[in-house]
Amino acid sequence: MKSFARFALAGCLAAAAGAADADEADFLRSFEGNFAGKGTVKVTTEAPTVNVSCRFNSDATSSSLSLDGTCRGLVVVTRAISADLKSSGTKYTGTYVGSRTGPAQLSGKRSGNAINLGIRWAKEVNGDRTAQMTVEKNGEDGMRLTVIDVDPKTGERVMTSRIDLRRI
């Protein structure tokens, strides 16, 4: 009887893990499509805020998310931005390209409708090489990309970018 109980418990745990993977796959696929929107960006925590307009193409599979786009600010400044994430359950790793310091490493996990990621910049930004990025599902057709860094002078958390996108 004990071996049957262990077998049944193992089966339930495997089914729960499969359901969790299916939930993650559905979550990732909900980001699939073309998006456009507006937001704000600060090059450093002390820099003035620049209004930007952005367009992204998002490709998603059951275990990955790839965002590829451009943001324009001050009429003439355009920057290519991309993020490639791979999931293992609710844990994520990947690369972000868009900073002037070069490709940054991402790692974190999903919580609800958001993927919360630590950023490891290629070089120092705002006095260190770390920041936080959130990729958040915002309703059926929306996505919000946010980066938070710490001001080295005050120790305060500063939103250095926030881009709100809608599926087009």
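Tutor: In this predicted model, alanine 36 stands opposite arginine 55, a residue of strand 2. The pairing belongs to the contact between strand 1 (residues 33–41) and strand 2, which run antiparallel and are joined by nine bridges. Strand 2 itself covers residues 50–60. Both strands are part of a barrel that 10 strands close in the order 1-2-3-4-5-6-7-8-9-10, with antiparallel pairing. On average, neighbouring strands of this sheet are turned by 25° against each other, direction ignored.

Strand 10 (residues 157–167) holds serine 161. Leaving aside residues up to four places away in sequence, serine 161 touches Thr40 and Val41, and also Leu145, Thr146 and Val147. Because its relative accessible area is 12%, under the 20% cut-off, serine 161 counts as buried.

Several strands each supply at least two residues of the lining, including strand 2, strand 9 (142–150) and strand 10. Strand 4 gives the largest share, with five residues. Sorted by class, the lining of the largest pocket comprises 19 nonpolar, nine polar and six charged residues.

Terms used
Residues are numbered from 1 along each chain as its sequence is written. This is a predicted model: local features need pLDDT of at least 70, side-chain atom pairs count only at pLDDT 80 or more; totals for chains, interfaces and linings use all residues. Side-chain values use heavy atoms; hydrogens and water are left out. Helices (H or I, at least four residues) and strands (E, at least two) are DSSP runs, numbered from the N terminus. Buried means under 20% relative accessible area, exposed over 50%, partly exposed in between (1.4 Å probe, protein chains only). Contact means heavy atoms within 4.5 Å. Ala, Val, Leu, Ile, Met, Phe, Trp, Tyr, Cys and Pro count as nonpolar, Asp, Glu, Lys and Arg as charged, and the others, Gly among them, as polar. Two strands pair if DSSP finds at least two bridges between them. Axes are lines fitted to C-alpha atoms, for helices over the stretch in contact, and angles run from 0 to 180 degrees between N-to-C directions.
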